[in-house]
Amino acid sequence: MTQDILNLRNHLLIAMPNMGDPNFDHTVSLICQHDEFGAFGVVINRPLGMTVGELFEQLDITIEDPHIAGQFALSGGPVQAEQGFVLHDGSRNWESTLRVSEELALTSSRDILQDIAHGTGPAHFLLLLGCAGWSPGQVEHEIKENTWLTCPCTSPILFDMAYQDRWQGAARTLGIDVNLLGIAAGHA
């Protein structure tokens with residue numbers, strides 16, 4: 001990892017308007033792991049055309065709470081598009097949980113789905129299919145090339161803000177209106 005970029009774990013990557021990759025155009029991604037092996041994260045603002053209830057139904061899991069069943073599942077990124085992940089709050093760990101911070105984790109095991117269905121899961125969660133990955137030094141290079149803005153992750157952005165507002169909302173935490181940014185950016 002380069003010396004001038006800090007560890008981006010628990011930070012959001014906000015795609016710049018000139019993003020050339022359609023997989024990340026107007027996205028906000030949470031970095032869940034960042035080390036000398038690269039970075040791993042999930043996109044948090046791309047709803048899929050299916051609900052949590054519909055996805056659970058495919059897994060033969062019944063959700064009794066219509067509010068939970070009606071939430072949209074999200075596309076977490078272009079890698080492993082069939083792999084499910086649950087981004088959630090709380091300090092509880094399930095069978096396969098990666099701690100992002102003290103208050104935030106990413107779980108990929110079925111036991112959390114059972115707990116969500118029975119009302120004993122985390123207070124807040126996002127169900128995601130797929131993830132995003134960057135090779136060693138790639139995300140640092142992309143930041144230097146003005147592909148991404150970064151900001152610390154906050155619970156309101158993840159769990160309270162409407163999906164369609166997250167791109168602009170995350171940038172606003174930096175005092176930036178992304179709609180006013182030009183297509184081309186330079187280095188000072």
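Which residues of the largest nonpolar core touch the most other members? Select Leu-12, Leu-30, Val-42, Ile-44, Leu-87 and Trp-134, which hold that place among the 41 residues of this core. A nonpolar core is here a set of buried Ala, Val, Leu, Ile, Met, Phe, Trp, Tyr and Cys residues joined through side-chain atoms within 4.5 Å, and buried means under 20% relative accessible area, exposed over 50% and partly exposed in between, with a 1.4 Å probe and protein chains only.

Before going on, note that this is a predicted model, in which local features need pLDDT of at least 70 and side-chain atom pairs count only at pLDDT 80 or more, while totals for chains, interfaces and linings use all residues. Residues are numbered from 1 along each chain as its sequence is written, and side-chain values use heavy atoms, with hydrogens and water left out.

Then centre on Leu-87, which touches, among others, Leu-30, Val-42, Ile-44, Leu-104, Phe-125 and Phe-159, not counting residues up to four places away in sequence; contact means heavy atoms within 4.5 Å. A second, separate core has 17 residues, including Val-52, Leu-55, Leu-113 and Ile-116.

**Strand 1**

Move to strand 1 (residues 11–15), where four of the five residues are buried, so the strand is largely enclosed by the rest of the structure. Strand 1 runs antiparallel to strand 10 (residues 148–152), joined to it by five bridges, and Leu-12 has Cys-151 as its bridge partner there. Three bridges join strand 1 to strand 2 (residues 28–35), also in an antiparallel arrangement, with Leu-13 opposite Ser-29. Two strands are taken to pair if DSSP finds at least two bridges between them.

**Helix 6**

Finish at helix 6 (residues 166–172), which contains Arg-166. Arg-166 is buried yet has no salt bridge, and the nearest side chain of opposite charge, Asp-160, is 7.7 Å away; a salt bridge needs a side-chain nitrogen of Lys or Arg within 4 Å of a carboxyl oxygen of Asp or Glu. A polar atom of the Arg-166 side chain does lie 3.1 Å from the backbone oxygen of Ile-157.

Methods: Helices (H or I, at least four residues) and strands (E, at least two) are DSSP runs, numbered from the N terminus. Lys and Arg count as positive and Asp and Glu as negative; His and the chain ends are not counted. A polar contact is a pair of N or O atoms within 3.5 Å; within protein, one must be able to donate a hydrogen and the other to accept it, and residues adjacent in sequence count only if both atoms are side-chain atoms.
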